[in-house]
Number of protein chains: 2
Amino acid sequence: MTQLAHTALGELTTPALLLDSTVLERNCEAMAQRAAHHGVALRPHLKTSKSAEVARLATRGHSGAITVSTLAEVDYFARHGFLDLTYAVGISAGKIDALHRIQLAHAARVTLLADRVEAVRAAAARARAIGATFRLLIEVDTGGGRGGVAPDDEEALLAIAAEVQRSGSLTLAGVLTHAGHSYHAEGLDAIRAIAETERAGAVQAAGRLRAAGFTVDTVSVGATPTAVCAERLDGVTEMRPGVYTFFDLDQAARGICEIEDIALSVLATVIGHNPRSRRVLIDAGGLALSKDESAAEFRDGLGFGLICKADGTTPLAGLRVAELHQEHGLIACDGDSDGAAQAMFDALPVGSRVRILPHHACMTAAPYDRYHVVRGTGASVYAVWGKAHGWHAAGPGA
Amino acid sequence: MTQLAHTALGELTTPALLLDSTVLERNCEAMAQRAAHHGVALRPHLKTSKSAEVARLATRGHSGAITVSTLAEVDYFARHGFLDLTYAVGISAGKIDALHRIQLAHAARVTLLADRVEAVRAAAARARAIGATFRLLIEVDTGGGRGGVAPDDEEALLAIAAEVQRSGSLTLAGVLTHAGHSYHAEGLDAIRAIAETERAGAVQAAGRLRAAGFTVDTVSVGATPTAVCAERLDGVTEMRPGVYTFFDLDQAARGICEIEDIALSVLATVIGHNPRSRRVLIDAGGLALSKDESAAEFRDGLGFGLICKADGTTPLAGLRVAELHQEHGLIACDGDSDGAAQAMFDALPVGSRVRILPHHACMTAAPYDRYHVVRGTGASVYAVWGKAHGWHAAGPGA
């Protein structure tokens, strides 16, 4: 982390990724309380922020255990002292060497994920060949249709567990599920129902394994919508939400958070007016904002992000990011007239700045290499936080 | 650049960004010949690759002059010896200090872009305050509706030129236009017409400035579709295409290139099979592939990229990347049956690899920090090329 003398927002070069640490801390505290209320551990997913500073806030008062989604994140967080890492993407043998190097270099513990006997067999063989050992979770599909075995597929569950047990290089840690389809559910009742299916499926799979004599320490669930909405988590040992740290328009559009809970935004500068196309040009395009429009599934008229005043999250009514080119964003206004366009040009003079709230915080934050950290609606940056990006671990041969 | 002993594709950790240098060199050579045929300079846009190695190939036999779109690119390319840089995004005063530092550190020459008197005035004032000087191009809108003054808007053109002339810190270099709307034109005839409008508009704007006594050295046009299709470029001095270096599905879908001309691909590993949702899981998701679907405007059924065998560009018929999560891609097959799904699982066993051709090479390449370079359909990587990414210059205060 680089601590700065306070820098005015007006002095930042744009596009810049702003993070409101007041909101971030509030979001982290609320989720920690939810986990405590349910009596489960919180193992936050750091794929959203890829930041050690965020990880410290998200694990405050907790074990420091985290969830990650890339080798680059495993490497980055291990280097920053986070040594209990669940790598929550199905393992392939080609990643074993790099993970072993990271475990050795930092005395870290990486827990793997798999849902196929073949994947376990290949990873275990590679681990044996280089003298590596890992814990492994069996992925359970509780309705997302992505990775995982069905919770009641006893044959598959036991076959994977047996393969782990006989591997000599892997140890069974338990089961993991991710109700990703909760992102597409409409209404909190529907999400509550998915949370219960997620819980019950994970617990059912754990029960089948235990009944067959396997030790299951970890029963892991989690996605931000289900973590926020779950009514009970009996039988679960940990939750792994991620985007709650920052929240975004996608979560706000389905009622999981309010606009005021969004901690992440992109600061952009007005670089032109085009009276013929009635567009204001800004220097944040498809890379700086991402082209993700996920909130559009539940809320119309958001364009590619919610345009706010530069010093906070007050939306500028009647404006939307209508078009994105690589490094240009084009803002349009409601009302198809020269008068409306002129009012927009007057409100956003060339050289002025806006803050744009993202549809999907994970996608927007990913390509940046740092956060400019602000507190509340203050107009100055008090810290710069580094972050991981890309896919490659820094180690040899990566 | 890191030169490697030849590494087998099978040993790369995935997702990895592959670049076929045989195709890249052919694409560069073809565009150099087009520029020579028209008697114009080629100032390639490096926003696509952000790579010094690619820039060397794209400027082979030429001046070394390039076009870029971010401060990070200006900084990166100046550090790699590319000293004549057009920063082709409307300038704002907040970027002047960083550009000045880069000019001084490397004896580089950065040419700016503007289309509003206010933008010129603010940039010029900041430049004067710190003793900086820059060349500046006036942006002309020849139909794209993004930046630029209308080619026949003599009042605006002359006002900007006069503001530049009286600035004391800026020098008028000429005019620049980008026919970005050629990306959305259907058919080569339509693109040819846009190329002629682009040419004529730039030449017209230059003529109005010259008639008023201003010196106009540079008349710059360029987008890959118009650069490929232009029938004549009389009066133009340079072209600035970019994506032609890599090409992509978006260009292929409108007939600007063939699939075989696509030099960029993403190597991914099969990490799971889900027989219930009939999906193959790969470790390349919305970040590794980008969610860009631009080719869908002209060609159906591509999903989020064209799935090919790992060793080349032979498409695997009947498969598509149907869904993207942050670090997961989900491949579906034609035919809604368990038998079709089983055939897909047999063709793509867990641990096997695929190569995916991107819709939009600029969006896909951007977040990576390196290219793994291959030659033709060979199964080994012979070099790793670094690249710029993100938005921040490496210099102080960036």
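User: Before we look at any pairs, what makes two strands count as paired?

Analyst: Two strands pair if DSSP finds at least two bridges between them. Keep in mind that this is a predicted model. Here, E8(A) and strand E9 (residues 218-221) of chain A run parallel and are joined by three bridges. Within that pairing, Gly174(A) stands opposite Thr218(A) in E9(A).

User: Which strand pairs with E8(A) over seven bridges?

Analyst: That is strand E7 (residues 134-140) of chain A, and the pairing is parallel. You can find Val140(A) opposite Thr177(A) of E8(A). To get from E7(A) to E8(A), the chain passes through helix H6 (residues 154-167) of chain A, in a right-handed β-α-β crossover.

User: And what handedness has the unit made by E8(A), helix H7 and E9(A)?

Analyst: With helix H7 (residues 188-211) of chain A between the two strands, this β-α-β unit is right-handed.

User: Why is E8(A) largely enclosed by the rest of the structure?

Analyst: A residue is buried if 20 or more other C-beta atoms lie within 10 Å of its own. In strand E8 (residues 170-177) of chain A, seven of the eight residues are buried, so the strand is largely enclosed. As a general idea, side chains in a regular strand alternate between the two faces of the sheet.

User: Zooming out, how is chain A divided into domains?

Analyst: Domain 1 covers 21-245 and domain 2 covers 259-384. Their centres, taken over C-alpha atoms, are 34 Å apart. Domain 1 of chain A brings 12 residues to the contact, and domain 2 of chain A brings 11. On the domain 1 side, three of the residues are nonpolar, seven polar and two charged.

Technical notes: Residues are numbered from 1 along each chain as its sequence is written. Chains are lettered from A and ligands numbered from 1 in the order in which they are written. This is a predicted model: local features need pLDDT of at least 70, side-chain atom pairs count only at pLDDT 80 or more; totals for chains, interfaces and linings use all residues. A residue is buried if 20 or more other C-beta atoms lie within 10 Å of its own, exposed if 12 or fewer, and partly exposed in between; C-beta atoms are placed from the backbone. Helices (H or I, at least four residues) and strands (E, at least two) are DSSP runs, numbered from the N terminus. A crossover is right-handed if, with the strands pointing away from the viewer, the path from the first strand over the helix to the second runs clockwise. Domain bounds come from an automatic or database domain assignment. Two residues are in contact if their C-beta atoms, placed from the backbone, lie within 7 Å. Ala, Val, Leu, Ile, Met, Phe, Trp, Tyr, Cys and Pro count as nonpolar, Asp, Glu, Lys and Arg as charged, and the others, Gly among them, as polar.
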